Amino acid sequence: MLTMDDKDTRIRSGAVVVTEGKICALGTIEELRTEYMAKEEIIHENAVVLPGFINAHSHETLTRGLHEDLPLMRWLEEVCYPVEHSYTPDDIYAAAVMNQLELIRGGVTTFVDIFRFAHRAIEVLRQSGLRAIFTPQFFDATSDTLESIDKTVGLIEKFHGTENGRVNVWFGPHAPYSCSPESYGRAAKLASKLGVGVHTHMCETRSEVQIIKEHYHKDPVEYLHEVGVLDVPCVLAHSIHLTDENIWLLAQKRDTAGLVYNPISNMKLADGIARVPELLRAGCTVGLGTDSNLSNNGLDMFAEMRIGSYLQKTFNDDATIMPCFEMLKLATRGSAKALKMDDRIGSIETGKCADIIAVSFMKPHMWPIYYENPSNIVEQIVYSARASDVITNIVDGKVLMDNYIIRTMDEAGSFELVQKRAMDLYARSFPDRAGHCTICKQ
């Protein structure tokens, strides 16, 4: 067992005792069996138990794999915005089913969703059993008809803190180039008043930085700092094109500002490479995320760790940069701290929420296994494992999946729902092209 605690405690033949959704004891199986009588035992040989992954930035989108290989701004304007305006609550329900099934299978126990119709995604989360922060994504230009600050306040009042704290709602201004200083400032003040936070995209592309400098004579970090966003809990996705001064400021704001590294999405869209080693050396709070299934195209945190490490090694011309344990920390404790949840999740420790996964070593790509002296457990998880190696997923003490079987959702029965909603959404978004889409044809 890898606890990911401050001491990097590792327990051979380890076990966890869970009561009322919380971790109440750790130790070896033999030790704990002498003290506790379990109602249910989950035992896996040749597997490792560790904290569930925390996907600190994603969008529960539906139209994966269409209109690919475009740069970010053109992709947003030609593809994402037309589709986003066409979504209905039923489309989001189907998207959330698809995304949350994938997250469970991939060992994610907590995720951040910045997209639309959060109430329908929350409906799915009640069934899936996952933990999430929903940040309804709003734009100034569409706040009268789509998501908005005022609508988000209503969602916070209705849903935030429900489901034993598994449902959280924050504000989700899209980006500095699509939301005004007034909107960001108002969201920050309301976040402080309501005890929530702000999630946004920041410094994702050079063009974004240039646009903000031309309009406001400051860069995006200075922009968000001046309107108060960095003074409330905030999660800043991408954070690629930062100056040394930006990094210094974000390090000073480490207790409120969390940055999210999204290496695969950033590579695919040619956005750039975040200066993660420098951010960590400066003392910034950094987590890991997948971004959406449109820009990734998966929600596999194993791939994110592996590629995220390799990318930094190549970019910095240094094979020692971002070693595997550092990447595993980003996916667990780093993301937990970025989300201001590190007192509850991110490590296996007594008193914390029982958000736990088990990863199997029983497939050839995970062989051989060196358990100790030497050990290659962390190396195999980060550099060899895949989402399909997750055998068990537990959130708040509830078993969402065991022996690869999802207990909380009807996976097989969801396929037709997703197919139908995806076809209908595409037809509404691109009526002149819909006849060329064959997603549902046999």
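Me: A salt bridge is a side-chain nitrogen of Lys or Arg within 4 Å of a carboxyl oxygen of Asp or Glu. How many salt bridges does the count come to by this rule?

Reply: The count comes to 28 salt bridges. This is a predicted model, in which local features need pLDDT of at least 70 and side-chain atom pairs count only at pLDDT 80 or more, while totals for chains, interfaces and linings use all residues. Residues are numbered from 1 along each chain as its sequence is written, and side-chain values use heavy atoms, with hydrogens and water left out.

Me: Which residue forms a salt bridge with Glu102?

Reply: Arg64 does, and the closest N and O atoms of the pair are 3.1 Å apart. The pair links distant parts of the chain, 38 residues apart: Glu102 is in helix H3 (residues 89-105), and Arg64 is in the loop between strand S4 (53-58) and helix H2 (72-86). Helices (H or I, at least four residues) and strands (E, at least two) are DSSP runs, numbered from the N terminus.

Me: Which residues do salt bridges that share partners join into one network?

Reply: Asp91, Lys420, Arg421, Asp424 and Arg428.

Me: Back to H9. Which residues in that helix are buried?

Reply: Asn246, Ile247, Leu249, Leu250 and Ala251 are buried in helix H9, which covers residues 244-252.

Me: What do the buried residues of H9 pack against?

Reply: They pack against strand S10 (198-202), helix H8 (220-226), strand S11 (234-238), strand S12 (257-261) and helix H11 (276-282).

Me: New topic. Where is the place of Ser148?

Reply: Ser148 is in the loop between strand S7 (137-138) and helix H5 (149-159). It counts as buried because its relative accessibility is 8%. Contact means heavy atoms within 4.5 Å, and Ser148 touches Phe138 and Ser143, not counting residues up to four places away in sequence. A polar atom of the Ser148 side chain also lies 3.1 Å from the backbone nitrogen of Lys151.

Me: Now pockets. How much space lies in the largest pocket?

Reply: About 1400 Å³. On a 1 Å grid over the protein atoms alone, a cavity is a set of points where a 1.4 Å probe fits but cannot get out, and a pocket is an open set with protein on both sides within 12 Å along at least five of seven lines; lining residues have an atom within 4 Å of a point. Grid points are joined across faces, edges and corners, and a volume is the space filled by probe spheres set on the points.

Me: How many residues line the largest pocket?

Reply: It is lined by 42 residues, and Gly14, Ala15, Val16, Ile42 and Val49 lie nearest its centre. S1 gives the most to this lining, with 6 residues.

Me: How much space lies in the second largest pocket?

Reply: About 300 Å³. Among the 18 residues that line it, Lys329, Arg333, Gly334, Lys337 and Asp342 are the closest to its centre. The largest share of the lining, 7 residues, comes from H13.

Me: How many cavities of 30 Å³ or more does the structure hold?

Reply: It holds 2. The largest cavity has about 340 Å³ of space. Of the 30 residues that line it, Trp75, Leu76, Cys80, Ser292 and Leu294 are the closest to its centre. H2 gives the most to this lining, with 8 residues.

Me: And which residues line the second largest cavity?

Reply: Glu68, Asp69, Leu70, Trp75, Lys268, Leu269, Leu294 and Ser295. The second largest cavity has about 40 Å³ of space.

Methods
Buried means under 20% relative accessible area, exposed over 50%, partly exposed in between (1.4 Å probe, protein chains only). A polar contact is a pair of N or O atoms within 3.5 Å; within protein, one must be able to donate a hydrogen and the other to accept it, and residues adjacent in sequence count only if both atoms are side-chain atoms.
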